[in-house]
Amino acid sequence: MAEAVVGLLVVKLGMALAKEALTFGGALLYKEAAALRRLFGKIRDSKVELESMQAYLQEAEQFKDTDMTTAIFVGEIRGLAFQIEDAVDELTYKLEEVKHRRGFAAKMKKRLKNIKTWRRLAAKLHEIEAKLQNAKRRKKDYSIGRSVSVAGSTNQGQALHFTKDKDLVGIEENRDRLIWWLTSGGDDGGDDDLEQRSSKVTTVWGMPGVGKTTLVAHVYNTVKVDFDAAAWVTVSKSYRLEDLLKKIAAEFSIAVDVTNIEMRGIAESIHNYLQGKKYILVLDDVWTARVWSEIRNVFPSSGCIGRFVITSRNHEMSLLATRESAIHLEPLQEHHSWLLFCKGAFWNNDDKECPLELQNLARNFIAKCQGLPIAIACIGRLLSCKPPTSAEWENVYRGLDSQLAKDVIPDVDMILKVSLEDLPYDLKNCFLHCAFSPEDYVLKRRTIMRQWIAAGFIREKGGYRTLEEVAEGYLAELVNRSLLQVVERNYAGRLKHCRMHDVIRLLALNKAKEECFGEVYNCSAAGAFSVVGARRISIQAENLEQLSRSGATHLRVLHVFKGYINVDLLMPILTSSNLLSMLDLQGSRINMLPNEVFNLYNLRYLGLRYTEIESLPEAVGRLQNLEVLDAFGAKLTYLPNSVVKLKKLRYLYALGSGEAYTIGSIGGVKVPNGMHLLAGLRALLCVKASPEFLREVGALIELRTFSVCNVRSEHSAYLSNAITKMSHLVHLEIIAAAENEVVQLEGVHLPRTLSWLGLSGQLDKASIPQLFSSWSYLNGLTRLQLAFSNIDEDTFSCLHVLRGLRFLELINAFEGKRLDFYAESLPKLRFLHIWGAPQLSEVRIAEGAMQNLIELWFGFCPELEFLPDGIEHLRALEKLRLVDTSEELIEKLRRQRDSDECSENEMKISHIRNVTVRLRHKRLLERIR
């Protein structure tokens, strides 16, 4: 992980050097210029040295656990890198501090004082350079070679996967599927003989430790007797193609002289040996799809039967499977977890039963493991060697939440270590950052991406991808590697929410503490809380007394995950950690920021989401490096004039929480004149419209997300001109000043990049057909939300031109009596929500309409007395929700559910997995199916 620290520092040094020209561009005193020139020279020397060291550190990570000399050296490098970072951050801070001195005399006095600072920092970097050279010399003098360590490291992550059949738990369904695929055609309706005379690839993938190898090993040992030739090969992370072919040949018992034969000869020997045979090959723990693409042509594909099984922790490997022959192995269900735990902890007992007095503790262990078999097995084995007493078990449990976690579950720690070694340094930082959220915390895609960008973890790649695109790619890669779990995808299949498995999180936090990446403060430790060397703190306790006394001085990131904290105890931390770059107070019940926040000149991220803060002072303009100001859901009503000084701002969120389905409650903010100066903004949400603002906002051509409220008819021309200039816009929301305000959009030219469009306010009924038709070129428009739009039967049909829609939501927008969906209309629509249609009494769905619809909601439609006519044609529909529709309809469905007879309604919705009804005035909420 030291290479992650160094890699991030190299980027920061590059950014500091970029300021050199700007610094010397102004009028400098002679001594000031000389001191700064020497300081920048030392920064440049440090950058060159650290760049040269990065590759070595990445390799050293693999064997530092078995080579103490290397471990000490890597630790020294990490500590020196932190010292360099402190020096560079202090330089940035001091340069910024001068700008905020008022008056010529005050500025000059500060500049003269800073000459001493520049000399001190240059001397410090010179001293660090000498320490670095001494560390390198000692490493060379005392190193005894690393051949043994490196050899040992090749087996990391490979545990002994031998489990007795009687001890296997929860694999029955996947075992049977895998055996079927391997021993028969596996596809109904195909030609059995043809299927048998071909090659077939099956993949088993899932997060580290979920039991992939155990499952496949059991099946392999069961079926290999049915094959003429069988081989099991574990593929190392850093495999060589020639070595891999030699291993395959050896496992198939092919008689070749591997020492004197070329790679092509080995490949031919394997091909010739398997020709005409029925064979099976397991490739275990494959890290990249390139492995299969490089060797697949070695194996004969005609005149033989070939079965291949690939296990991997990477999702991309599932794409190699033949047809649908892929298994995503998930954590165990609770009852299977209990059985596995008892088999391990009480293996020597005949009944394998947990004593009654230990059952609560046993459930705690199982809950902590969250169904991860390797963790359950590790803890079970450990407890089997302990006296079966509550005191002993409680000691072990406490170790799970401390630095002892890797000792309690060493197999999982080893697997995670290998996974981390395989990550590029910037991805390692991103992964560890995710671990600082509380247990079971749901990570939101956009929030986590903004934090990564503000933390400096994300770099532009080649100039053709934005920082946001790179960040989303990193998030997808962590999911692909099974280090994060998908919680929810949005209507377009895009990742929306994810989380980190608690066992992985525990070990990641342990790693973060070892590497001084950061620590969690939960007020659980007795005595003082030590933050020596820690760069990041995640506050997950409301009592801050220990942390306030900790003397934290090197913090860069402070996250608060508790609502009720004493701001007075937070102030000493902010004062001593003036180089802080990220402060996230999301959800904290604070109504005013401490003044100390506005002296954090290096701050890049200020998170005030869902706080009680009602206003920001003019001092916020001092935060010249701020990139993210997130006050979504706070109580702000206006932004101070100084906000226009924040030239580096990329994201500005300021939206108060309002009542659903009402326009007047939308809590937009008033902004000062001069918003056009924030040229780098990517997101601006949600601003109250005014002619002055709408004239200026057109200059923000980098906007991807834009939300404006309080829009009136007279604003139409200004709004049209502004939006026309936003050529990169993806998310647009326009909210009228009142429900009866007509929003004139005829002159608005929406950009082709638009994906999400929300319109709240009346539309001119006469111009609606032309308006909707004018959007037909928006092939990327996937979500449309209309509220209070005054749509009727005829105008609704005009929406059918939007054939790319995946989510359509009408909120108090439909005033007609009948909804018609024609054949082949809305072919990609997946979600349809109709809310507040007081006259709607009939819905007709033609066969062939909305063939991909999976979710259909009707809410507050009191005249809807019948199920949609043609709902049976929606074969993909998974969820139907009826909220405050006709009481007669809901009661009818409830009665028919309880009846033994199969009614017409029952037949219509028999294919829908989830049918839920709700009557709010009766406090009724029931699932019918």
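Modeller: Among contacts (heavy atoms within 4.5 Å) between residues at least 6 apart in sequence, 63% join residues at least 24 apart. The model is predicted, and so local features need pLDDT of at least 70 and side-chain atom pairs count only at pLDDT 80 or more, while totals for chains, interfaces and linings use all residues. Residues are numbered from 1 along each chain as its sequence is written, and side-chain values use heavy atoms, with hydrogens and water left out.

The protein has 29 helices and 28 strands, taken as DSSP runs numbered from the N terminus, with at least four residues (H or I) for a helix and at least two (E) for a strand. Of its 929 residues, 55% are buried, a word that stands for under 20% relative accessible area, with exposed meaning over 50% and partly exposed the range in between (1.4 Å probe, protein chains only). The protein exposes about 40500 Å², of which carbon and sulfur atoms supply 49%, the areas coming from the Shrake-Rupley method with a 1.4 Å probe.

Nine of the twelve residues of H8 are buried, so the helix is largely enclosed by the rest of the structure. Those buried residues are Lys212, Thr213, Leu215, Val216, Ala217, His218, Val219, Tyr220 and Val223. An α-helix has 3.6 residues a turn, so residues three or four places apart point the same way. The partners against which the buried residues of H8 pack are helix H6 (172-183) together with the strands E1 (199-205), E2 (229-234), E3 (278-284) and E4 (305-312).

For comparison, Met263, in helix H10 (residues 263-274), is partly exposed, with a relative accessible area of 33%. Leaving out residues up to four places away in sequence, Met263 touches Leu241, Glu242 and Leu245; the C-alpha atoms of Met263 and Leu241, 22 residues apart along the chain, are separated by 8.4 Å.

Elsewhere, Ser720 lies in helix H25 (residues 716-725) and is buried, at 10% relative accessible area. Beyond its neighbours within four places in sequence, Ser720 contacts Gly747 and Val748. Gly747, in the loop between strand E18 (731-736) and strand E19 (756-760), is exposed, with a relative accessible area of 55%.

Points are joined across faces, edges and corners, and a volume is the space filled by probe spheres set on them. The largest cavity has a volume of about 120 Å³, and helix H1 (2-25) and helix H3 (68-99) are the elements that give two or more residues to its lining, meaning residues with an atom within 4 Å of a point. H1 supplies the largest share of that lining, four residues. The second largest cavity has a volume of about 50 Å³, and its lining residues include Cys434, Tyr441 and Arg505.

Technical notes:
1 Å grid on protein atoms, 1.4 Å probe; cavity = no way out; pocket = protein on both sides within 12 Å on 5 of 7 lines; lining within 4 Å.
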